[in-house]
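Visitor: Please show me the model, and then we can go through it by question and answer.

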Amino acid sequence: MSSKPPKSLFTYAVFYLIFLYAPVMLLPLFAFNDSAIIALPLSGFTLHWFGLLWETKALHEALYNSLLIAVITAVGSTTLGIFAARAAARYEFPGKRGIVGFIMVPLVLPEIIVGVALIVVLIQLGLSLSAWTVIIGHVLICTPFSIAILQSAFNNMDRSLEEASMDLGENKLGTFFRVILPLVTPGIISSLLISFTISLDEFIIAFFLTGTDVTLPVYIWGQLRFPARLPAIMALGFLMVSLSFFLLLTAEYFRRRANRLTGGHSQSNDGIFQ
Amino acid sequence: MKRPQKTNKQIINIKGVEKQFGDVTALNGVSLTIKEGEFFSLLGPSGCGKTTLLRMISGFDSPNLGSVYIDGSDMTNVPPNQRPTNMVFQSYAIFPHLNVAENVGYGLKKQKLPKDEIKLRVEEALALVDLEGYGAREAHALSGGQRQRVALARALIMKPKVLLLDEPLSALDKKLRETMQGELRKLQRTVGITFVLVTHDQEEALTMSDRIAVMFDGKIAQLDTPEGLYKRPKTKRVASFIGVMNFIPAKVIASTKTKLSLDVEALGKVDVGASDTIKSGEKITVGIRPEMLTILYEETDDADNVFSGIIVSASYYGDMTYYEVELGNTAIRATVSMRNTAGRPVLRAGTETRIGWGYESITVLDG
């Protein structure tokens, strides 16, 4: 028997959602508004701002940098995540809990600390800042997310499936490709999408480490100084939010599919996104 | 898939196997031989080491000490994918991303056989387990019983020298389990392959096996045929694990070539069949199965040993009546079959009666 919550809680929930999404809702509103000033009342519908995006060369470069960084970060953190999640799910070794715990710490470390620490280390090492230094930073913050997602995929896999494969004459490598990989593929896709999204949106670390290879968020931050360009930024923001939203939904779809496939007995919602 | 029936050839030979997991001793010096074509069961409570022993035959665990021979070759450190054994897992381990035919053909695909041959042999294997036409079925659409059949087909298609079954019926409901017991036995006779079954269910072991090894605490407590185990259990523990038995402490008064005279607590003098190993003066336990007791209704009825007692309780089940009888100050369970009481009423609690049994029905137990 489920009882209804009090009305006051319902009102609270509605306000909470408005608080969360109202600012984001302003993005499409002004992205399509035919006025250089971000203010009500709206003055008409236009696609002019999107056209402007199309013509800005610096933006394209920033977008290219961001995409490149996001793709390499996604592949890198997912690869590291596969190793760690497999080790945590299958093997017992001394200090396992501590090691896994430490791997997950960057999840809660303030990014500004990570950024400052990284820039100190990189400069000491004599490396010049570039897209690659951003990638290093992003892999660092994305790997814990990848591990969390992949661990749920690996943990849900019945160990006897691997044993059955070996029992039927398959070797370890063959077992990995014929049984393990197909069963964790949805988890891998989900991990790729989430780390891609995180990297694409990330500002602080990128700002510290970017050098001359400006990423999209850093470019946007630079543009905020010119009020006239604000509507175009709104348009860009709208596109990015849409993309992020789409990617996260896709990732979540694959994560749930992974749980179903591996026969996760728990109706498990133990991922990051419940 | 016909194979030669039972021979006297040894197919599995386990010599002095020991296994520790950390501080826990899973196997403590196990030696046994299994004959070709035999239906062999490892029976015992959970934690007795039966599954560890099976995993040693399959190659998933290796012993700390001792060796495992399969069909004459030392397999102690050979990995599972190079052993002539195949396993039916407790969870069945059906590959969830493959359909039935792909599951069954998994091992053959590794052998790189031509597609037509794989297809043919998969159909053959599915027919063997009564799953013709299920090839295209997705794994998740199978019932528990069907999953088990797929697991069987997937193992048998490899033509193993030994088929290993890890509690294969424990996930099924009671009715299906009983059907599958019969089917597994029939299947074993059809293919003629040696089956090694792990189970904690004594009834399952008794009904299906040619021979059973009863295991406790990492050791084989007794290895015998089902009939031998039931009729001549060696220890109290084996006796109480296989069926129901009354235990009565006793002292040996005299030991002769033909019979053993015992002073049984609460009952007085009892004579049983002779034993070579037990000497006069020793303290022992005797066991007697409830169904070996006879109620002597008539004054003239007689038996090797006769005592009088009082019925404490009676449970009538139609075909059987279960009595609890007090003899002296010992309570004994007695099962009386309908056949032997034809025409007589069930004895009520409080009734005084005479109980009798034969020399042969008493088992002398160690410990």
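Visitor: How many bridges join strand β9 of chain B to strand β10 of chain B?
Guide: This is a predicted model, in which local features need pLDDT of at least 70, side-chain atom pairs count only at pLDDT 80 or more, and totals for chains, interfaces and linings use all residues. Residues are numbered from 1 along each chain as its sequence is written, and chains are lettered from A and ligands numbered from 1 in the order in which they are written. Helices (H or I, at least four residues) and strands (E, at least two) are DSSP runs numbered from the N terminus, and two strands pair if DSSP finds at least two bridges between them. Strands β9 (residues 211-216) and β10 (residues 219-224) of chain B run antiparallel, and the number of bridges joining them is 5.

Visitor: Which residue in β10(B) is the bridge partner of B:A213?
Guide: The hairpin of β9(B) and β10(B) has 2 residues between the strands, and B:D217 takes a positive phi near 50 degrees there. For B:A213, the bridge partner in β10(B) is B:L223.

Visitor: Which helix gives the largest share of the side of chain B that touches chain A?
Guide: Contact requires C-beta atoms, placed from the backbone, within 7 Å. By that criterion, 18 residues of chain B are in contact with 18 residues of chain A. The elements of chain B that give two or more residues to this side are β6 (85-88) and α3 (106-110). The largest share is 3 residues, and it comes from α3(B).

Visitor: What percentage of the residues in chain A is buried?
Guide: Chain A has 11 helices and 0 strands, and its C-alpha trace spans about 70 × 65 × 30 Å along the principal axes. A residue is buried if 20 or more other C-beta atoms, placed from the backbone, lie within 10 Å of its own. Of the 274 residues in chain A, the buried share is 36%.

Visitor: Are α7(A) and α8(A) parallel or oblique to each other?
Guide: Axes are lines fitted to C-alpha atoms over the stretch in contact, with angles from 0 to 180 degrees between N-to-C directions. Helices α7 (residues 159-167) and α8 (residues 172-201) of chain A pack at about 140 degrees, with axes 10 Å apart. Angles under 35 degrees count as roughly parallel, over 145 as roughly antiparallel, 65 to 115 as roughly perpendicular and the rest as oblique. The relation of α7(A) to α8(A) is therefore oblique.

Visitor: Which residues of α8(A) do A:L161, A:E162, A:S165 and A:M166 meet?
Guide: These four residues belong to α7(A). Their partners in α8(A) are A:T175, A:R178, A:V179 and A:I180.

Notes
Contact = placed C-beta atoms within 7 Å. Buried ≥ 20, exposed ≤ 12 C-beta atoms within 10 Å, placed from the backbone.
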